[in-house]
Amino acid sequence: PVCSMGNSTSRLYSALAKTLSSGAVSQHQDCLEQADSAQLDPIDPKDLLEECQMVLQKRPPRFHRNFVDLRKNAASNHRPIRVMQWNILAQALGEGKDNFVRCPMEALKWEERKCLILEEILEYKPDVLCLQEVDHYFDTFEPLLSRLGYQCTFFPKPWSPCLDVEQNNGPDGCALFFLKDRFELINSANIRLTAMKLKTNQVAIVQTLKCNETGRLLCIAVTHLKARMGWERFRSAQGCDLLQNLKSITQGAKIPLIICGDFNAEPTEEVYKEFSNSSLNLNSAYKLLSPDGQSEPPYTTWKIRPSGECRHTLDYIWYSQHALNVNSALGLLTEEQIGPNRLPSFNYPSDHLSLVCDFSFNQDPDRLL
């Protein structure tokens with residue numbers, strides 16, 4: 001059976017503005033999974049943005065972030081490829097487990113928080129979107145983003161902590177979306193990461209895409225490594241496993257590569273060094289915002305838990321530095337914008353900041369990676 005969403009836009013938006021309850025999700029899961037998005041009407045992103053802004057009209061205005069131009073040479077001969085990386089904060093964890101002691105529960109209501117998330121995605125219009133902690137894939141992100149022209153893939157964690165929360169919406173996981181008018185999917189792999197030869201609870205999605213404009217291949221990966229202090233060696237092993245998989249999929253870096261993820265690791269950790277020193281010749285795009293191009297941002301997540309304030313750099317966009325150029329990167333929110341109660345908040349839906357970069361292919365495809 002195909003879920004009928006109705007043809008009228010007002011019916012579409014009012015239906016999707018009310019997130020299905022957890023009971024409704026399990027009841028409609030088969031219907032959602034079998035729904036053929038090609039049979040559903042496309043959505044005009046401007047209309048959806050207006051709908052989100054109507055829902056959010058009682059919230060304080062969102063803060064503006066500027067793109068920083070990082071081009072060093074002449075303009076490329078193709079439109080840049082915009083890639084967005086974001087841990088959006090699983091709804092079950094935000095409400096049930098993460099204990100953001102300075103964030104009012106009212107700010108975490110899904111009916112409004114999902115509109116803040118969608119507003120951010122619609123504002124930056126990524127060609128490729130990589131998300132972590134997605135626990136509303138089937139009732140929100142897949143039905144909406146597929147109708148905005150994205151091809152959607154989701155890979156849940158096998159033992160998601162969301163499932164320990166009462167009235168959860170199913171497991172959280174990684175999700176990868178790309179615009180079908182810009183790319184063709186060549187192959188896709190869902191990888192359950194291993195550590196010390198044991199399968200773990202962390203996952204990755206790796207897809208090889210063909211750019212319709214240039215005909216060139218591009219490999220995109222999204223992942224979310226193990227959290228918490230004391231698990232550094234575990235993260236390192238997971239990172240090594242992912243790198244081994246990526247070496248095989250990119251044929252030893254013959255295919256340019258972009259890896260987006262919440263690595264749960266500061267730049268001082270071993271897993272960061274493994275990616276920096278990999279034979280895949282990777283660089284971290286957000287280092288380019290620093291004056292010397294060598295330092296990561298001071299934070300990508302900032303929250304207050306019962307144990308105290310947590311300000312860390314954990315999120316990265318890695319890229320093949322000889323095959324791809326970073327044209328621009330979205331600046332981070334300042335401490336003043338974030339405010340004394342930190343994240344999430346009425347202004348911002350997640351405890352992690354989104355990272356957005358515009359990439360172009362190197363003009364000399366024969367140049368060594």
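In this predicted model, strand β11 (residues 301-305) is largely enclosed by the rest of the structure, because 4 of its 5 residues are buried. Here, buried means under 20% relative accessible area. Strand β11 runs antiparallel to strand β12 (residues 308-312), and 5 bridges join the two. Within this pairing, W302 has R311 of β12 as its bridge partner. The two strands form a hairpin, with 2 residues between them.

β11 and β12 each supply at least two residues of its lining, as do β7 (198-211) and α7 (232-249). The volume of this pocket is about 900 Å³. It is lined by 33 residues, of which K226, A227, R228, N264 and R305 are the closest to the centre. Helix α7 provides the largest share of the lining, 3 residues. Sorted by class, the lining holds 14 charged, 10 nonpolar and 9 polar residues.

The second largest pocket has a volume of about 440 Å³. Its lining comprises 21 residues, and the closest to the centre are K72, N73, L324, N325 and V326. Strand β14 gives the most to this lining, with 4 residues. By class, 11 lining residues are polar, 7 are nonpolar and 3 are charged.

Strand β14 is also part of an open sheet of 7 strands. The strand order is β1-β14-β15-β2-β3-β5-β4, with mixed pairing. β1 (67-69) and β4 (150-156) stand at the edges. Each has a single partner strand, so one side of each is left without a neighbour in the sheet. Direction ignored, neighbouring strands of the sheet are turned by 20° against each other on average.

Key
Residues numbered from 1 in each chain as written. Predicted model: local features only at pLDDT ≥ 70, side-chain atom pairs only at ≥ 80, totals over all residues. Heavy atoms only, no water. Pairing = 2+ DSSP bridges. Axes fitted to C-alpha atoms, helices over the stretch in contact; angles between N-to-C directions. Buried < 20%, exposed > 50% of the residue type's maximum accessible area, 1.4 Å probe, protein only. 1 Å grid on protein atoms, 1.4 Å probe; cavity = no way out; pocket = protein on both sides within 12 Å on 5 of 7 lines; lining within 4 Å. Points joined across faces, edges and corners; volume = space filled by probe spheres on them. Nonpolar A, V, L, I, M, F, W, Y, C, P; charged D, E, K, R; others polar.
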